[in-house]
Amino acid sequence: MSTDAPADPAPQPADRCANPRAGQGESALPTADAAYWEAAAASFDDEPDHGLRDPVVRSAWAARLRSWLPSAPAAVLDLGCGTGSLALLAAEQGHRVTGVDRSPGMIERARDKLAGRDAAFLVGDAAEPPVGERRFDVVLVRHVLWALPDPAAALRRWAGLLTPGGRLVLVEGRWGEADPIGIPAGELTALIRPLAARTYVEHLAHDSALWGGEVADERYVLIAELPRRHTEVVDVHLVLRRGEEVLLARRSGTGYADGLLHAPSGHAEDGEDVREAMIREAAEEIGLRLSPDDLRVALVMQHCAPPPARPRIGWFFEAAYGAGGEPWNREPDKCAELVWHRLDALPDDMVAYCRAGLDGLRAGHRFLLHWHRPGDPVAHDPSAPSRAVALDGAGPGG
């Protein structure tokens, strides 16, 4: 792992850098000379935790990496990758790896080491990886951050390279006694806190198998999971009209709002548009064989059940009675009965947001919000404050 400084603080040639692992109080300054890394590339893998040639050391790193990375295949960016030893372990575990190192010599060896695998290697600065607009599931960095001139800026840049919900896996430490170098776990945790949804520190100094021998320094991995981008389930609702009446289904055995009436409904599956989802759900729940021409968008509502439920986007489609056949209860394990009710005289024993949607539709609205507050019931309560907000005019008051 090479960058502007010795990326893995291991013994270096005496004329290049003092040995921060020795614990004798030597001072080691970051080495900015790119030529140094070219000279070091040939012997870089001689260190047990660089080359991972010892089967015990290799197995120890493989096990740790497996626990730090998400399920394969994930896109992993290995910054300061050195000769690609960790990249190789990740690739062997089924991940797609991109490695970046400032040393062409290191990169050449990494390419040789991972020849024929799903991996690519680039010469570049770990602090500003030359990956363009690409995004990754994991940014993996070992013994690099401590040596960068602006660790906070590097962390922001690396976080920006992650997909929503991605993670930083940062192997760092603090080495030496009288004049230690590195970055303590507490300091790194504070730096990463503004960027992360969750952080976890795993201390590594006690595991001598990782280092090829006993060590007395602070060594750890910090795993930081970034927030996931906001996503919402898309659900679809059928407003089947028979004159002034609409068809409602009484929920049963579902674990949510059982006993309450609701329009026949479901949610869109991956790859479906909302109209396709409505056609499928109508067939599955009430046996109708609708065509796209049978459906008309009546209302779109963003709604959220009482906390801790997540928001959803609901599409209400109208269809006329007779389209697609006669409705019947195809899911008696989830629906106790099908009943018709006048749209202007809906019952109170309904799911609150569905009742609000139908009331809003009757009032001529097309776009609504219905957002429960803590303590609100799932069922419609005519005596409670309305949570419906029209986005195309005055609220429906439902």
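Reply: The chain has 10 helices and 17 strands. These are DSSP runs, numbered from the N terminus: helices are H or I with at least four residues, strands are E with at least two. The model is predicted, so local features need pLDDT of at least 70 and side-chain atom pairs pLDDT 80 or more, while totals for chains, interfaces and linings use all residues. Residues are numbered from 1 along each chain as its sequence is written, and side-chain values use heavy atoms, with hydrogens and water left out.

Begin with burial. Of the 398 residues in the chain, 51% are buried. Buried means under 20% relative accessible area, exposed means over 50%, and partly exposed is in between (1.4 Å probe, protein chains only). Next, contacts, meaning heavy atoms within 4.5 Å. Take the contacts between residues at least 6 apart in sequence: 66% of them join residues at least 24 apart.

Now the aromatic rings. There are 5 aromatic pairs. Rings of Phe, Tyr and Trp (its six-membered ring) pair if their centres lie within 6.5 Å; planes under 30 degrees apart are stacked, over 60 edge-to-face, and the rest tilted. One of the pairs is W61 with W211. Their ring centres are 5.4 Å apart and their planes meet at 90°, so this pair is edge-to-face. The pair links distant parts of the chain. W61 sits in helix α3 (residues 55-68), W211 in helix α8 (residues 208-211), and 150 residues separate them. How accessible are the two partners? W61 counts as buried because its relative accessibility is 0%. W211 is buried too, at 1%. 

A second pair joins W146 and W175. It is also edge-to-face, with 5.7 Å from centre to centre and 65° between the planes. W146 lies in the loop between β4 and α6, while W175 is in strand β5, so this pair ties together parts 29 residues apart in sequence. W146 has a relative accessible area of 12%, so it is buried. W175, at 1%, is buried as well. Back to the W61 and W211 rings for a moment: with W68 they form one aromatic cluster.

What lies around the rings? Look at the nonpolar cores. A nonpolar core is a set of buried Ala, Val, Leu, Ile, Met, Phe, Trp, Tyr and Cys residues joined through side-chain atoms within 4.5 Å. The largest one has 34 residues. V139, W158 and L168 have the most contacts inside it. At least two residues of this core come from each of β1 (75-79), β4 (136-142), α6 (151-159), β5 (162-175), α7 (185-192) and β8 (218-225). There is also a second, separate core of 32 residues. W211 belongs to that second core, and so do I107, F121 and V169.

Leave aside its neighbours within four places in sequence, and W158 touches L79, A126, A127, P129, V139, V141, L145, L148, L168 and L170.

H143 is found in the loop between β4 and α6. Its phi is near 55°, a positive value in a residue other than glycine. H143 is buried because its relative accessible area is 0%.

P73 lies in the loop between α3 and β1. The peptide bond from A72 to P73 is cis, with omega near 0°.

Then comes helix α4 (residues 85-92). Of its 8 residues, 7 are buried, so the helix is largely enclosed by the rest of the structure. Those buried residues are S85, L86, A87, L88, L89, A90 and A91. Just after α4, G94 takes a positive phi of about 100°.

End with a buried methionine. M278 is in helix α9 (residues 274-286). Its relative accessibility is 1%, so M278 counts as buried. Not counting residues up to four places away in sequence, M278 touches V236, H237, L238, P264, L295 and F317. M278 and F317 are 39 residues apart along the chain, yet their C-alpha atoms are separated by 7.7 Å.
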